[in-house]
Amino acid sequence: MVECIIKSPLGYTKIVGDEEGVSSVVVLNSEEKETDIIPVELEDCVIQLNEYFAGDRTLFDLKLNPEGTTFQKQVWNALQTIPYGKTLSYLELSKQLGDVKAIRAVANANGKNPLWIIVPCHRVIGSDGSLTGYAGGLHRKQWLLEHESPYKQQSLF
């Protein structure tokens with residue numbers, strides 16, 4: 001496994017992977033030294049994340065290799081079907097996966113998503129439209145949803 005650290009608008013981001021694919025992308029809650037030379041295995045991921053933050057990418061096209069249970073991977077695959085700029089509730093996601101009673105398991109798998117932004121767990125919200133738990137912090141979830149929104153808030157001044 002190789003890794004690198006890049007700076008994003010939401011903080012320093014650690015990317016881990018190998019020739020089998022990207023296994024983890026996490027935002028860090030501390031300041032880190034950015035990687036000088038990006039490993040070749042992670043170059044596409046860095047490029048695509050930078051394009052996303054610049055507003056030039058709405059869909060990721062990367063080889064992914066996250067570690068998780070079969071159920072977690074099923075949930076993470078379902079997350080990737082939520083379109084850019086759209087949201088889905090945990091209940092709707094559970095229904096989509098075929099078991100409305102699995103809502104807690106779905107929420108748990110969503111919270112264990114190791115591929116920040118690329119597998120868009122930030123697009124899952126509460127049934128009442130509230131921003132519920134997010135491993136990266138609710139302020140980041142809100143930023144990501146606003147970044148993806150087709151309706152940009154204009155400054156009043």
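Tyrosine 151 counts as exposed because its relative accessibility is 71%, where exposed means over 50% relative accessible area, buried under 20% and partly exposed in between (1.4 Å probe, protein chains only). The model is predicted, with local features requiring pLDDT of at least 70 and side-chain atom pairs counted only at pLDDT 80 or more, while totals for chains, interfaces and linings use all residues. Residues are numbered from 1 along each chain as its sequence is written, and side-chain values use heavy atoms, with hydrogens and water left out.

Tyrosine 151 is placed in the segment after α5 (138–148); helices (H or I, at least four residues) and strands (E, at least two) are DSSP runs numbered from the N terminus. Its C-alpha atom is separated by 9.5 Å from that of glycine 85, a residue 66 positions away along the chain.

Rings of Phe, Tyr and Trp (its six-membered ring) pair if their centres lie within 6.5 Å, and planes under 30 degrees apart count as stacked, over 60 as edge-to-face and the rest as tilted. The count by this rule is 5 aromatic pairs. In one of them, tyrosine 52 and phenylalanine 53 have ring centres 5.3 Å apart and planes at 75°, so the pair is edge-to-face. Tyrosine 52 is buried, at 0% relative accessible area, and phenylalanine 53 is buried at 13%. Phenylalanine 53 also pairs with tryptophan 143 in a tilted arrangement, with 5.9 Å from centre to centre and 50° between the planes. This pair links distant parts of the chain, since phenylalanine 53 belongs to helix α1 (residues 43–54) and tryptophan 143 to helix α5, 90 residues apart. Tryptophan 143 is partly exposed, with 29% relative accessibility. Ring pairs link Tyr52, Phe53, Phe60, Tyr84, Trp116 and Trp143 into a cluster.

The second largest pocket holds about 190 Å³ of space. A pocket is an open set of points on a 1 Å grid over the protein atoms alone, where a 1.4 Å probe fits, with protein on both sides within 12 Å along at least five of seven lines; lining residues have an atom within 4 Å of a point. Grid points are joined across faces, edges and corners, and the volume is the space filled by probe spheres set on the points. The lining comprises 14 residues, with Gly111, Asn113, Cys121, Ala135 and Gly136 nearest the pocket centre. Two or more lining residues come from each of β3 (21–27) and α4 (103–111). The lining divides into 9 nonpolar, 5 polar and no charged residues.

Technical notes
Ala, Val, Leu, Ile, Met, Phe, Trp, Tyr, Cys and Pro count as nonpolar, Asp, Glu, Lys and Arg as charged, and the others, Gly among them, as polar.
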